[in-house]
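Student: Could we go through this model together, and could you tell me for each term what it rests on?

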Amino acid sequence: MAAMVYRAVMVVRTWFPASLEGRLVVLRRHVPENLSAFRRWYSDPEIARLARYKEGPMRMDEVDRFFQVRAVGPGSLAMAIHLQGSDRLIGTCALSQMDGDNGSALFHITIGEKDAWGRGYGTEATRIMVAHAFETLGLHRISLSVFAFNERAIRSYASCGFTAEGRAREAIWRDGQWWDEVSMSLLEPEWRQRKAQVKGDHATVAEPQRGDLAAPHHGDLAVPPRGR
Ligand SMILES: CC(C)(COP(=O)(O)OP(=O)(O)OC[C@H]1O[C@@H](n2cnc3c(N)ncnc32)[C@H](O)[C@@H]1OP(=O)(O)O)[C@@H](O)C(=O)NCCC(=O)NCCS
């Protein structure tokens, strides 16, 4: 019954695509059945170390609430990350705190299956979400924060065009020492310029192909497009 209600609600959210296709991954709306994967991912201390402010993993009731609010709830545009081909579910990514007045949103990503780290899947998922945010939703700015020791994430975001714009000094206590929290952002004109540059160069860089979208047409936008 809950699943039926959920699906009925999702059908009317036309700004929220059913799927976004990349070369390596396909992003799909979360379904209630994905909860078991969330429980496994977010009870892992290694994931918690990289992605959580609090020391240690979430309790199961916290994971369940997180899934209801952040994955299938109406407040954030969360997508499950599946591998192309096998369709294996490997992670989740989301735009949250979408602010129509200021054209901004926060980006979050977790590849929960650890054997899928370091293979370019998260980076492609980020590119796809960024393209959706700027091209379809008409956002102006996407920001995120990342712990300074998370080199893989910082490199991944940088390769998608995010710039470090600030550091909260010694904001995180982890592994027995203090670490900065790095704030990164990407503006729509910067993203558009990078895209044009890559196209203009006829570069062999994978960027445009990786971010190629086969999203269905969306009538209602979350944020009205602004003058470009
Ligand atoms: C962060 C994350 C999204 C990155 O996605 P990914 O698909 O694993 O990343 P990629 O394979 O594209 O690698 C990104 C970059 O990190 C580099 N890298 C890979 N493994 C690395 C490692 N162990 N240490 C440092 N750099 C590493 C890659 O070479 C690549 O750099 P390059 O673009 O300069 O070549 C993903 O690993 C993840 O979700 N990790 C767990 C949770 C997490 O950290 N979330 C982010 C919280 S802010």
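The conversation below takes up a helix, the strands and the ligand shell.

Tutor: This is a predicted model, in which local features need pLDDT of at least 70, side-chain atom pairs count only at pLDDT 80 or more, and totals for chains, interfaces and linings use all residues. Residues are numbered from 1 along each chain as its sequence is written.

Student: What makes residues of helix α2 count as buried, and which are they?

Tutor: A residue is buried if 20 or more other C-beta atoms, placed from the backbone, lie within 10 Å of its own; in α2 (residues 35-42), the buried residues are F38, W41 and Y42. They lie on the same side of α2, because they cover an arc of only 80 degrees around the axis, taken from the directions from the helix axis to the C-beta atoms.

Student: How do you know that β5 and β6 pair?

Tutor: Two strands pair if DSSP finds at least two bridges between them, and β5 (104-111) and β6 (residues 141-147) have three, in the parallel sense; therefore they meet the definition. L106 stands opposite S143 in β6, while the bridge partner of S143 in β8 is S185. β6 and β8 (residues 177-187) run antiparallel, joined by seven bridges.

Student: What puts residues in the shell around the ligand, and which come nearest?

Tutor: A residue is near a molecule if its C-beta atom, placed from the backbone, lies within 6 Å of it. Of the 22 residues around the ligand, I111, G122, T123, A153 and R155 come nearest. The largest share of this shell, six residues, comes from α6, a helix that spans 151-159.

Technical notes
A residue is buried if 20 or more other C-beta atoms lie within 10 Å of its own, exposed if 12 or fewer, and partly exposed in between; C-beta atoms are placed from the backbone. Helices (H or I, at least four residues) and strands (E, at least two) are DSSP runs, numbered from the N terminus. Two residues are in contact if their C-beta atoms, placed from the backbone, lie within 7 Å.
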